[in-house]
Amino acid sequence: MAVASFAVNMLMMTFRLAVPISLASIGVSISERSGVINLGIEGIMLLGALGGVVGSHLFGSAWMGILVALIVGAVIGFLYSLCVLKFEANQSVIGIGLNIISSGLTVVIVKFIWKKEGISGIVNQMATYSIPGLRTIPVVGAFFTDQSPFILLTFVIALVCSHILWKTKVGLRLQAIGENPRAAATAGIPVALYRTLAIVAGSCLAALGGAYLSVVHSNLFVNNMVAGRGFIAIAANILGGWNPLGSLLASLLFAFTQALRFQFSAVHVPDQISQMIPYVITLFVLMGVGRKARAPAKLGVLE
Amino acid sequence: MKKNRQNFANLGYSLIAILFSFLLVGIIMLIMGYDPLKAYSSLFEGAFGSSYAISLTLSKSVPLVFVGLAVGFALQGGLFNIGGEGQIYIGGFTAAIAGLSIPGFIPAWVALPLAILSGIAGGFLWGGAIGLIKAKLNINEVIVAIMMNYIAQTMTSFFVNGPFIAARSMTPQTEILPQKLQLPKIIPNTQLTTSLYIAIAMCALYGFVMKRTVFGFEVRAMGNNMHAAETGGVRVTRNTVLIMAFSGGLAAMAGIFEVFGTYGRFIDGFSSGIGFTGIAIAFIGQSTPLGIILASLLFGSLQAGAMQMSMMAGVSANIDKVIQGLVIVFIATPNIIRYMFKKRRQ
């Protein structure tokens, strides 16, 4: 029994840790399928995390925080697409600029609202739910006991996005744009519109992942609380083969390595080593797959 | 003549981009109820108002010059070195460990260059690895560099949290370097060390290599058109590795001189984004030595004056990052400015 409950704990912790990385990573997949790289994911997650706390602070509800985060994500995504699509800026540089802006702006806004440097006040956190009938089922019951709806939501989002990308006209067109934008344009697909939508959707998902950290997983904003998860999401997307379900699986793998370190504190794997694992795995997988990596052919090349 | 006009136009765009960023942040401050004029005047005061302020600005600018040169060099060759952050950690750490392990009886004029060269070698290999993976496996260097950054950061963090942590130290850092290995201060009681002279020398060397050597010519040819360069006999594969390696060595110098100058030891996470700022520096400075120096001074002064601005105007000191980030975005998007001026003319 102890072993079973340990396994369930481990599983649930993996899921909880995976939520923000998965959401952002699915967002990265969608955006990159259209051929656009966004290295600003880290910054968008951070702004989403702040949006969540500010929304919850202003309206007294974590759900309003989520809504504010989504709006923030959409606005940033739109501005990003304006810069890289309309004004043809270098995507990587804009992404880095966005990260730097976010790391400063979030702290400035926190100080403006809460008069504190680098940490917000406590806000309303999202309530957990339990489903009475299902919670008694062994193992699976843990899903329905004191959990945030975000674990299930993340799975649903991954499935829906995967379905859209491979089973709908919109998704297949989006992929065509990433593979060969000129041919897509010749075929009459509004390339810029599709790309804008993909960037905005990806940005919203990243902001949602950030808000999960601030108002679902915790109840305040802390300076730099995203702590590299945006870049882990980029890695997960690569490992997952630029594919929402793959991104989810890779995020679960990375989250599992993080969960190990909490659950096996007695064995003492140094924090830094477990933090390093996702990047080492991704690098070696990339090197192993090499030319055969399933990246969109025209990723980062806008024509 | 045409090239001069082009440079002049670029300089104009850069200045407008910088002006816009200050203006936009000024408006943000105004909306939040801070006094932007007071903020900017105290920012200026904190960056240039006294000899201490100026030395602080210079000392903040020095590492930016090295990373700016690193990114600029790669850009000239058509490559993007986003791995500066990792190269800074590897360089700083390797040099610190070398400095600490060289026996005390060896004179400083041997030991210091040896330690610095080991650090540069570390950055050279760390950057060269990115170039090698790019050249041999054709994997986007940006993605590889991101992974390498985090591996470098977590690896050095692991070392200074465990095996190499200073005795009885609560913070993750190495032992302090022997006094004779620490770079002398140009002005006593400031952070400004002789690394300033090395930075200027590297700018001169960079300019010389780019303009006067065959290698520099090849690098620029690759930057202009990779395929044409290859057809013209440039060994693109070899040069890709070399460019990233030299770029890594340059970025490493930023870390090395922070360790041997500013801090006197390797401290976990000391860079906190210098590598990324270097990308902005190279773009603003158009990858030219003079441009990189000017851009570094701009960002150095922002970092130096932020504290004073925060104290006098009440706004968070982190607002300097908003200005820096906006400058990056505007510089990388010259078409915004072109578009606005076109609108006005019509």
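A residue counts as buried if 20 or more other C-beta atoms lie within 10 Å of its own, as exposed if 12 or fewer do, and as partly exposed in between, with C-beta atoms placed from the backbone. Phe208(B) is exposed, because 12 other C-beta atoms lie within 10 Å. Phe208(B) sits in helix 7 (residues 195–212) of chain B. Phe208(B) and Thr156(B) are 52 residues apart in sequence. In space, their C-alpha atoms are 34 Å apart.

Met13(A) is partly exposed, with 17 other C-beta atoms within 10 Å. Met13(A) belongs to helix 1 (residues 2–33) of chain A. Met13(A) and Phe262(A) are 249 residues apart along the chain, yet their C-alpha atoms are separated by 9.0 Å.

## About the model

This is a predicted model: local features need pLDDT of at least 70, side-chain atom pairs count only at pLDDT 80 or more, and totals for chains, interfaces and linings use all residues. Residues are numbered from 1 along each chain as its sequence is written, while chains are lettered from A and ligands numbered from 1 in the order in which they are written.

## Chain A as a whole

Chain A has eleven helices and zero strands. Helices (H or I, at least four residues) and strands (E, at least two) are DSSP runs, numbered from the N terminus. Chain A has 303 residues, and 51% of them count as buried.

What radius of gyration does chain A have? The value is 19 Å, which agrees with the figure near 19 Å for a compact globule of 303 residues. This radius is taken over C-alpha atoms, and the globule rule is 2.2 Å times the number of residues to the power 0.38. Along the principal axes, the C-alpha atoms of chain A fill a box of roughly 60 × 45 × 40 Å.

Two residues are in contact if their C-beta atoms, placed from the backbone, lie within 7 Å. In chain A, take the contacts with a separation of 6 or more. Residues 24 or more positions apart account for 76% of them.

## Where the chains meet

40 residues of chain B are in contact with 39 residues of chain A. Five helices of chain B each supply at least two residues of the side that touches chain A: helix 5 (108–137), helix 6 (141–161), helix 11 (274–284), helix 13 (319–332) and helix 14 (334–345). Helix 6 of chain B gives the largest share, twelve residues.

This side of chain B divides into 27 nonpolar, eleven polar and two charged residues. Ala, Val, Leu, Ile, Met, Phe, Trp, Tyr, Cys and Pro count as nonpolar, Asp, Glu, Lys and Arg as charged, and the others, Gly among them, as polar.

## Two helix pairs in chain B

Helix 4 (residues 84–101) and helix 10 (residues 236–263) of chain B pack at an angle of about 50°, with their axes 7 Å apart. Axes are lines fitted to C-alpha atoms, for helices over the stretch in contact, and angles run from 0 to 180 degrees between N-to-C directions. Helix 4 and helix 10 of chain B are therefore oblique to each other (under 35 degrees is roughly parallel, over 145 roughly antiparallel, 65 to 115 roughly perpendicular, and the rest oblique). By class, their contact has twelve nonpolar, six polar and one charged residues.

Helix 5 and helix 6 of chain B pack at about 150°, with axes 9 Å apart. Helix 5 of chain B brings Trp126(B), Ala129(B), Ile130(B), Ile133(B) and Lys134(B) to the contact. Helix 6 of chain B brings Glu141(B), Val144(B), Ala145(B), Met148(B) and Ala152(B). These residues divide into eight nonpolar, no polar and two charged.
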